[in-house]
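Visitor: I'm new to protein structures. Could you walk me through this one?
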Amino acid sequence: MKKKYEEILETVVKTFLETHEPISSAMLKGRLPFDIAPATIRYYFNKMVERGELAQLHKSSGRIPTERTMKMYWRKHLRNFEVICSAMENLVEKAQEEELYILLKPLKENELKAIERVAGKYLILIFDSDEYVIRYHTQMESFLKDLIGYDINEIKQIARDVGMNSLYHKMRAKNDEEITAINTEVIIKVAGQESNWGKRYVRSFLEGDVVEQLTPGLHFDPLLPKGFMALSTEAVIDDRRTKMLCIGAIDHDFTKIFSSRKEA
């Protein structure tokens, strides 16, 4: 009975993601992998409503998954995987179809390798892939030498925290060049609907800082307004390894953004 119960609930979620309509017992019957009477389905529906797994908006309407159920579904299906999309244009198309906001940043080794002093006036910070020039200061040179071996994102965060504004803004400008944003209007719309959230968070989402800050996995409220979800993961886009952050309504189908999934 437990297996049948779980199968029915899972099928309700999958059907809702596809149709975005309340699910009736008649609609669900044809989608289940076993034969079951509509009356029995309605019995399960009632149990699921009692447990807070489904909701019924009107007495005569079908059922829809609750936010709690959607969170459980995505935690089960969106974990330990790698997104593989053969072309950027495919990703853009699917993101627009499901109204998802996506941030992409190339993954590359970029550690601080050395500090060079030039004519007693400047310091050159040499990374794997970049170089930055700042004014020389004895204490600054000593401080930065202690950061050799750190990743550029760690150093950028440290530069902001300790007030090294010139270095931070140079790194930030380079960072902005590398980030690709898809469907910006989605996150602007969310900020417009949830003004308190927008005032606090939307800038970091629009400027791309959040793509570096979030740990891999799923993120819900309070980082995002209730009813929304963020997926932070690695991806391969146009044969390039990329860090990806995908944001959208929890009842939209995030699985459409990838053509295949590689389980860990």
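This is a predicted model: local features need pLDDT of at least 70, side-chain atom pairs count only at pLDDT 80 or more; totals for chains, interfaces and linings use all residues.

Visitor: Which element gives the most to the largest nonpolar core?

Guide: That core has 22 residues, and Trp74, Leu91, Ile102 and Phe254 have the most contacts inside it. Helix 1, helix 4, helix 5, strand 4, strand 10 and strand 11 each supply at least two residues. The element that gives the most, with four residues, is strand 10.

Visitor: How many residues does the second, separate core have?

Guide: Its members include Ile187, Leu224, Ala230 and Ile247. The number of residues in this second core is 21.

Visitor: Within what arc do the buried residues of helix 3 fall?

Guide: Helix 3 covers residues 38–50, and its buried residues are Ile41, Tyr44, Phe45 and Met48. Seen down the axis, they line one face of the helix, because they fall within an arc of 105°.

Visitor: What covers those buried residues of helix 3?

Guide: Both helices and a strand take part in the cover. It includes helix 1 (2–19), helix 2 (25–29) and strand 1 (54–55).

Visitor: Is Asp130 buried or exposed?

Guide: Asp130 sits in the loop between strand 6 and strand 7, and its side chain makes a polar contact with that of Asn110 at 2.7 Å. Buried means under 20% relative accessible area. Asp130 has 10% relative accessibility, so it counts as buried.

Terms used:
Residues are numbered from 1 along each chain as its sequence is written. Side-chain values use heavy atoms; hydrogens and water are left out. The expected span of a helix is 1.5 Å times one less than its number of residues. Buried means under 20% relative accessible area, exposed over 50%, partly exposed in between (1.4 Å probe, protein chains only). The arc is that of the directions from the helix axis to the C-beta atoms. Contact means heavy atoms within 4.5 Å. A polar contact is a pair of N or O atoms within 3.5 Å; within protein, one must be able to donate a hydrogen and the other to accept it, and residues adjacent in sequence count only if both atoms are side-chain atoms. A nonpolar core is a set of buried Ala, Val, Leu, Ile, Met, Phe, Trp, Tyr and Cys residues joined through side-chain atoms within 4.5 Å.
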